[in-house]
Amino acid sequence: MIDLHLVFIFFIIAIALAFDFTNGMHDAANSIATIVSTRVLPPRFAVIWAAFFNFAAFFIFGTAVATTIGKGMIDVSSVNETVILAGLIGAISWNLITWYLGLPSSSSHALIGGYAGAAVVRGGFGVIIPGGWYPTLIFIVLAPAIGLFLGFALRIITSWILRKQRPGTVNEWSRVLQLFSAALYSLAHGGNDAQKTMGIIASLLLTGGLISEFHVPLWVVVLAYTAIAMGTLTGGWRIVKTMGQKITRLRPIDGFCAESGGAVSIFIATHLGIPVSTTHVITGAVSGVGSANRWTAVHWGVTLRIVLAWLLTIPGAAIIAALADFLLNLVTRLVS
């Protein structure tokens with residue numbers, strides 16, 4: 001006889017991996033926008049480059065971020081499989097809405113917003129673990145600020161170091177360096193973002209009784225990195241245009257500084273187990289590089305529009321997830 005409960009759990013795992021795929025699709029722009037806009041790599045090769053290093057993060061990072069997402073933000077004992085499914089529906093829906101509008105909002109915050117929205121509807125605000133939320137909420141402000149500062153600082157430093165070099169020489173070497181900085185950023189992106197899906201799946205396995213204590217099985221790690229890499233291969237072209245062209249005009253040296261600054265920020269957050277928004281970091285870094293060249297070189301109106309999307313992400317995904325949880329429970333009652 002088919003175990004319907006087990007089938008339901010694996011169905012939700014498939015949905016979680018679908019979210020991971022949309023995360024890669026949505027956030028591909030973070031990894032490739034600068035390298036495409038500076039014409040260091042054509043789009044087709046840029047996504048392959050980014051996807052490869054997204055997956056290569058599997059060999060470098062642990063599961064600190066997955067643990068934060070899986071058991072550090074929501075009381076796992078107070079949720080069930082339907083809550084997790086509703087949270088994923090909220091996150092995926094928000095990702096698709098902002099992808100369609102070309103807004104580089106945070107897939108990470110869509111996920112935690114969706115998960116929290118569904119959990120609160122089911123168990124009240126008592127299911128929230130404040131200690132897990134404080135670092136994440138602080139980094140909503142801190143992450144783009146760090147990215148902006150590092151992008152600005154690196155651009156100033158490189159300008160001083162290269163001040164006596166001919167523009168053609170600088171451009172030639174910058175194109176080579178940007179290949180490495182794009183790889184570094186893609187590693188950081190995969191290492192932080194793929195872990196968020198791992199955390200959700202591990203929570204699901206725990207609530208479903210398939211594991212006795214929280215940990216992330218190896219097969220979950222492999223599937224999560226594979227899904228995000230496959231999503232990155234789709235390109236996310238709508239958002240690439242916003243990130244690579246609408247915020248500021250980028251040269252290869254600018255792209256190198258933005259990607260390097262963003263990568264360092266994400267590496268630090270991943271080490272600390274903080275599910276930082278890679279979108280926030282790279283947007284701040286690109287703005288910092290642009291402002292180092294000239295304050296008016298940054299289209300601050302576009303940046304403010306992106307910030308507005310950030311502010312709406314957690315509540316927007318939470319509302320969609322709460323509605324999804326209500327509808328799923330309604331269907332369950334009607335069927336039973």
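Me: How much accessible surface does the protein have, and what share of it belongs to carbon and sulfur atoms?
Reply: This is a predicted model, and its accessible surface comes to about 14400 Å². Carbon and sulfur atoms account for 73% of that.

Me: And what's the secondary structure made of?
Reply: There are 12 helices and 0 strands. Reading from the N terminus, you go α-α-α-α-α-α-α-α-α-α-α-α.

Me: OK, what percentage of the residues is buried?
Reply: Of the 336 residues, 56% are buried. As for contacts between residues at least 6 apart in sequence, 89% of them join residues at least 24 apart.

Me: Which elements have the lowest and highest mean pLDDT?
Reply: Helix α9, residues 237-246, has the lowest at 50, while α8 has the highest at 94.

Me: Switching to the inside. Which residues touch the most other members of the largest nonpolar core?
Reply: Ile74, Leu88, Met198 and Val216, out of 57 residues in that core. Helix α7, residues 167-207, gives the largest share, with 9 residues. Apart from this core lies another one of 16 residues, including Ala263, Ala269, Val276 and Ile282.

Me: What does Ile74 touch, leaving out residues up to four places away in sequence?
Reply: Val79, Tyr115, Ala116, Ala119, Val127, Ile128, Ile129 and Trp133.

Me: And Met73, where is that found?
Reply: Met73 is in the loop between α3 (64-71) and α4 (81-101).

Me: Buried or exposed, that Met73?
Reply: Buried, because its relative accessibility is 2% and the cut-off for buried is under 20%. Leaving aside neighbours within four places in sequence, Met73 contacts Thr68, Ile112, Val127, Ile128, Ile129, Gly132, Trp133, Thr136 and Pro275. Take Ile112 from that list: Met73 and Ile112 are 39 residues apart along the chain, and their C-alpha atoms are separated by 8.3 Å.

Me: Now charges. How many salt bridges does the structure hold?
Reply: It holds 3. One of them joins the side chains of Arg122 and Asp325, at 3.0 Å from N to O. That pair links distant parts of the chain, with Arg122 in helix α5 (residues 107-123) and Asp325 in helix α12 (residues 300-335), 203 residues apart.

Me: How accessible is Arg122? And Asp325?
Reply: Arg122 is partly exposed at 29% relative accessibility, whereas Asp325 is buried at 2%.

Me: Which residue does Asp254 meet in a salt bridge?
Reply: Arg155, at 2.7 Å from N to O. Asp254 sits in helix α10 and Arg155 in helix α6 (residues 130-161), 99 residues apart, so this pair also links distant parts of the chain.

Me: Last one: where is Thr270, and what does it touch beyond four places in sequence?
Reply: Thr270 is in helix α10, residues 252-272. Thr270 counts as buried at 5% relative accessibility. Not counting residues up to four places away, Thr270 touches Phe61, Ala64, Val65, Gly191, Asn192 and Gln195.

Key:
Residues are numbered from 1 along each chain as its sequence is written. This is a predicted model: local features need pLDDT of at least 70, side-chain atom pairs count only at pLDDT 80 or more; totals for chains, interfaces and linings use all residues. Side-chain values use heavy atoms; hydrogens and water are left out. Helices (H or I, at least four residues) and strands (E, at least two) are DSSP runs, numbered from the N terminus. Buried means under 20% relative accessible area, exposed over 50%, partly exposed in between (1.4 Å probe, protein chains only). Contact means heavy atoms within 4.5 Å. pLDDT is the predictor's confidence in each residue, from 0 to 100. A nonpolar core is a set of buried Ala, Val, Leu, Ile, Met, Phe, Trp, Tyr and Cys residues joined through side-chain atoms within 4.5 Å. Accessible areas come from the Shrake-Rupley method with a 1.4 Å probe; for residues, only the protein chains shown count as cover. A salt bridge is a side-chain nitrogen of Lys or Arg within 4 Å of a carboxyl oxygen of Asp or Glu.
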